[in-house]
Amino acid sequence: MFEIQKLNKVVCEKLDQGSLARCAQVSKEWNWVFAPHVWRIIPKYRSYDQWRALRQLVLEDYYKQQHPPDQQHAQEQPPLESWQTNDPLTLTKYGQFVRQVYGFTLLLQGLGPEFANWGGPCTTEYTGPSASDLARHFLKRCPNALLHFDITYDHITSVDQLRLAVEALPRVHTLVISSREDKPFPVLALKHILAEASYRLHSLVIDIHKLGPDVRCEDFETGQSVIARPKFLEIRALQTDSDVDLSWIWRTCEQLEKIDICRVDQDVVYSLSQGIRAWMPRLDTVVFDRHGVCDWIPDSMIGHILATVPRKWKSVDCGLRAQVGPLSFAALLLHTSTLEELAIADIQDRTGIVRILQSCTKLRKLVAVDRAGYGWWGLPEVDATDLIDWDPERDVLWPWPCRKTLETLAIVHDVAPETLRVTDEQTGDQLFAETQQRICERLGEFTRLKVLRLCNRSWDESRSVHLTVDTGLSKLDRMTSLQEVCLPYLRRHFTRQRDLAWMVEHWPKLSKLELFPSMKAYTWLEQHHPGIHLESARPPPWSQSPLSH
């Protein structure tokens with residue numbers, strides 16, 4: 001196609017698998033360029049026709065290598081249009097181009113005998129090769145592929161499937177080990193699986209609802225040493241009896257850099273804490289409930305893990321089900337000299353966020369919260385007076401060490417949450433205006449800020465913080481690195497043209513705005529600065545009111 005190979009690669013990387021397959025049919029020259037990229041990734045989700053076509057290609061190649069096909073197997077005709085090739089040596093020719101294969105369970109299902117009679121009833125008993133035989137042959141034809149496999153309890157109960165899994169483990173890049181609550185996963189089986197994995201294993205996901213001894217323990221060799229050294233460990237579920245030793249798992253985590261914790265019991269927490277202290281020197285990133293689907297993770301559990309080793313964590317991400325309270329914040333304060341990123345969804349201590357800002361010397365990112373789609377349930381509230389942190393004796397702001405390092409400040413990303421509010425009903429308009437000015441003064445100290453997201457869910461808009469030229473927006477003139485800005489949502493106080501003009505003039509790198517402008521401001525921005533993306537696609541319908549101009 002193109003004479004420059006790099007251009008061909010760039011084009012192919014932008015196309016999905018279906019488009020690549022259609023391009024491969026145009027001509028021989030295009031087939032030579034696009035066909036290898038069709039085989040680059042064997043995706044996790046395929047149609048039945050694609051499964052059937054893939055199975056037929058593997059089956060034909062299998063019999064070409066083993067022996068000529070008999071009449072039984074000759075009846076299986078491949079719908080080659082799904083993979084867009086009539087080359088009988090397709091698997092041999094293009095298997096070397098495969099780079100990633102997803103799904104051990106789906107691979108066995110797709111290569112199983114149920115696809116041999118696709119489109120009609122099964123009239124004879126299937127006597128061909130098993131799914132494990134075809135999967136083994138397919139993986140041999142893909143010597144350069146990294147595997148993303150899942151191993152379940154059902155796999156270890158099948159000798160044939162277990163043998164195949166063990167053979168493939170040295171090439172596995174991502175390994176998911178799972179079992180249901182009614183089928184305890186044997187400890188020796190887990191040790192045997194990890195012993196067969198190699199240094200290529202990058203991510204290990206454990207989703208075992210019950211870990212314990214089992215009748216099949218004698219089927220596995222004992223005394224094996226585990227050589228796998230994953231860099232990422234995700235514990236979706238791990239529950240065990242108190243007498244089960246887990247220290248051998250943590251010994252494999254010498255190269256671990258990130259851990260994701262979801263559903264664990266107290267015994268696992270204590271064992272994990274000891275493992276972090278003894279065998280995980282490189283670990284500096286922890287995530288609690290990344291998927292937001294597990295049971296509540298209590299404050300005591302989070303605090304216990306965070307307090308294991310002081311001056312260790314660089315990044316902490318607490319999801320919707322992670323209850324971050326006083327114990328968690330007390331533990332976070334042990335890492336003020338190392339903490340760089342903090343994301344929290346459910347805060348039970350409203351002053352904790354401010355204490356983090358007051359103490360951390362390297363903090364670059366504070367997101368509390370960036371969980372779009374969950375409504376405003378459970379979102380934290382930060383009191384405006386706490387955020388100001390005013391020194392009444394010197395009549396100045398208390399200096400915060402993160403003012404020169406903070407790049408992202410996102411105190412809630414959602415539908416009209418209340419994060420900044422004035423709570424003292426006795427202050428009056430004068431003190432309220434003074435509070436507005438001081439908030440702008442505090443925000444203006446973050447001179448390296450690139451992303452600023454401040455939202456408001458208060459229904460009493462007279463007590464809400466407004467960032468306008470009149471209320472002190474000019475104090476943010478040193479924030480010249482700002483690229484994305486989200487300002488409070490207010491039904492009656494829309495962003496005016498004068499405020500937008502000030503932002504565009506003083507924030508030269510501004511590329512994205514999320515606010516509700518007046519009709520006049522919206523028209524002005526669209527005409528004079530079309531390169532700035534406005535999140536609200538059109539002016540609100542009530543912006544025609546006099547208050548919006």
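Which residues of H13 are buried?

**View 1. The buried residues of helix H13, in a predicted model.** Val268, Val269, Ser271, Leu272, Ser273, Gly275 and Ile276 are the buried residues here. They pack against four elements: strand E6 (232-240), helix H12 (247-251), strand E7 (258-264) and helix H14 (299-306).

**View 2. H13 from end to end.** Helix H13 runs over residues 266-279, 14 residues in total.

**View 3. H13 alongside H14.** The axes of this pair sit 9 Å apart, at an angle of about 15 degrees. That is under 35 degrees, so H13 counts as roughly parallel to H14. The crossing of H13 past H14 is right-handed. On the H13 side, the residues that meet H14 are Gln266, Val269, Tyr270, Leu272, Ser273 and Ile276; on the H14 side, look for Met301, His304 and Ile305. Sorted by class, this contact has six nonpolar residues, three polar ones and no charged ones.

**View 4. Another helix pair, H8 with H10.** Helix H8 (residues 131-140) packs with helix H10 (residues 159-168) at an angle of about 10 degrees, their axes 10 Å apart. That angle makes H8 roughly parallel to H10. H8 brings Ser132, Ala135, Arg136 and Leu139 to the contact, while H10 brings Asp160, Gln161, Arg163, Leu164, Glu167 and Ala168. Here the classes come out as four nonpolar, two polar and four charged residues.

Note on methods
Residues numbered from 1 in each chain as written. Predicted model: local features only at pLDDT ≥ 70, side-chain atom pairs only at ≥ 80, totals over all residues. Heavy atoms only, no water. Helix = DSSP H or I, 4+ residues; strand = E, 2+ residues; numbered from the N terminus. Expected span 1.5 Å × (residues − 1). Buried < 20%, exposed > 50% of the residue type's maximum accessible area, 1.4 Å probe, protein only. Contact = heavy atoms within 4.5 Å. Axes fitted to C-alpha atoms, helices over the stretch in contact; angles between N-to-C directions. Parallel < 35°, antiparallel > 145°, perpendicular 65-115°, else oblique. Left-handed = near helix turned anticlockwise from the far one by under 90°. Nonpolar A, V, L, I, M, F, W, Y, C, P; charged D, E, K, R; others polar.
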